[in-house]
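Please read them beside the sequence and the coordinates.

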Amino acid sequence: MKRFDGKVVAVTGGNQGIGFAIAERFASEGASVAIASVDEQVHEAAGQLKAATGATVLPVVCDVTSVSDVKNLYSTIESTLGGIDISVQNAGIITIAKVEDLTEAEWDDTMEVNTKGVFLCCQEAIRYMRKSGGGALINTASGQARDGFIYTPHYAASKFGVVGITQSLAKEVATDNITVNAICPGIISTDMWDYNDRVWGEMLGEYAPGELMAEWVQNIPMKRAGEGKDVAGLVAFLASADADYITGQTINVDGGLIMS
Ligand code: NAD
């Protein structure tokens, strides 16, 4: 008997990075998993996940900023996999720019994906979870929902927003047997962090690729960057029966980088 046998899980941004590791964890622990992404590569990722775990994996191309795409995501999950028990709102984007260079488009795109996208997916998942008697929502925020970093006011705002959505919805659905929690990854080795290392590195000084990350990792008490599987462990816990009495919380997964 595996922990998520019979459960249906959705992971947005599930085709790569942290989202893929989360999907892999649920698939290897018995769940059927839908991975959603704006990237057509989601089909190839689903094939890899199925081959690695033997689980049922449903790829769905979905832009989380589009109401019709999000509605299609959850109705496809229900018609194909029979319902939705756990939804992980993980899709996200970042750009890095000095305040005088940050464009309105960067601001809007970041808020659309990271904040509105989380809300739209929660909104739609809740409709199905209320009908079926409960569920768990986990929203990906960031260390930047605790402490805004330099050159990323739009990203920090978008991730503080995720915490606000999480707390408000957690109160609204608390008696519907639905939990809503947020997670704050720190420095996790993914494509997004490669971009951060390169662009912040160029803007903050003469850093060769990898040097800024190595320097920042020295500020992590555990002295290592995180991996997707470190984040997946927390998400799986929050989605499990062991976390049934935990809601509205925001939990760091960052090797001790931020302790509040
Ligand atoms: P990544 O760039 O590897 O993956 C991002 C995913 O989001 C991709 O699958 C991409 O296709 C998807 N996506 C982007 N826009 C989308 C849209 N409009 N609709 C649907 N999917 C979309 O990044 P990652 O590092 O795996 O990040 C995953 C999440 O974790 C993000 O929310 C990110 O902000 C957050 N995060 C990452 C780190 C880190 O150090 N890597 C730290 C804190 C928070």
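1. Valine 57 belongs to strand β3, residues 57–61; helices (H or I, at least four residues) and strands (E, at least two) are DSSP runs, numbered from the N terminus. With a relative accessibility of 12%, valine 57 counts as buried, where buried means under 20% relative accessible area, exposed over 50% and partly exposed in between, with a 1.4 Å probe and protein chains only. Neighbours within four places in sequence aside, valine 57 is in contact with Val33, Ile35, Ala46, Leu49 and Lys50; contact means heavy atoms within 4.5 Å. For isoleucine 35, which is 22 residues away along the chain, the C-alpha separation from valine 57 is 7.3 Å.

2. On provenance, this is a predicted model, in which local features need pLDDT of at least 70, side-chain atom pairs count only at pLDDT 80 or more, and totals for chains, interfaces and linings use all residues. Residues are numbered from 1 along each chain as its sequence is written, and side-chain values use heavy atoms, with hydrogens and water left out.

3. What is the partner of β2 in the parallel sense? Strand β1 (residues 8–12) runs parallel to β2 and is joined to it by 5 bridges; two strands pair if DSSP finds at least two bridges between them. Within this pairing, threonine 12 stands opposite alanine 36 of β2.

4. Strand β5 spans residues 135–140; 6 of its 6 residues are buried, so the strand is largely enclosed by the rest of the structure. Gly135, Leu137 and Asn139 point to one side of β5, and Ala136, Ile138 and Thr140 to the other, all of them buried. β5 pairs in the parallel sense with strand β4 (residues 86–89), over 4 bridges. Opposite alanine 136 in β5 stands isoleucine 86.

5. Threonine 250 is in strand β7, residues 250–253. Is this residue buried or exposed? Threonine 250 is buried, at a relative accessible area of 15%. Not counting residues up to four places away in sequence, threonine 250 touches Arg146, Val163, Ala182 and Cys184.

6. Asparagine 177 has a positive phi, near 65°. Asparagine 177 is found in the loop between α5 (153–172) and β6 (178–185), and is exposed, with a relative accessible area of 55%. Lysine 223 also has a positive phi, near 60°. The loop that holds lysine 223 runs between α7 (211–217) and α8 (228–239), and the residue is partly exposed, at 46% relative accessible area.

7. Alanine 225 lies in the loop between α7 and α8. Alanine 225 is buried, with a relative accessible area of 17%. Neighbours within four places in sequence aside, its contacts are Ile187, Ser189, Met213, Val217 and Ile220. The C-alpha atoms of alanine 225 and methionine 213, 12 residues apart along the chain, are 8.3 Å from each other.

8. As for the whole chain, there are 8 helices and 7 strands. The radius of gyration is 18 Å, which agrees with the value near 18 Å for a compact globule of 260 residues; the radius is taken over C-alpha atoms, and the globule rule is 2.2 Å times the number of residues to the power 0.38. The C-alpha trace spans about 55 × 35 × 35 Å along its principal axes. Buried residues account for 52% of the 260. Of the contacts between residues at least 6 apart in sequence, 70% join residues at least 24 apart.

9. On charge, the chain carries 18 positive and 33 negative side chains, and the centres of the two sets lie 8 Å apart. Lys and Arg count as positive and Asp and Glu as negative, with His and the chain ends not counted; the place of a charge is NZ of Lys, CZ of Arg, CG of Asp or CD of Glu.
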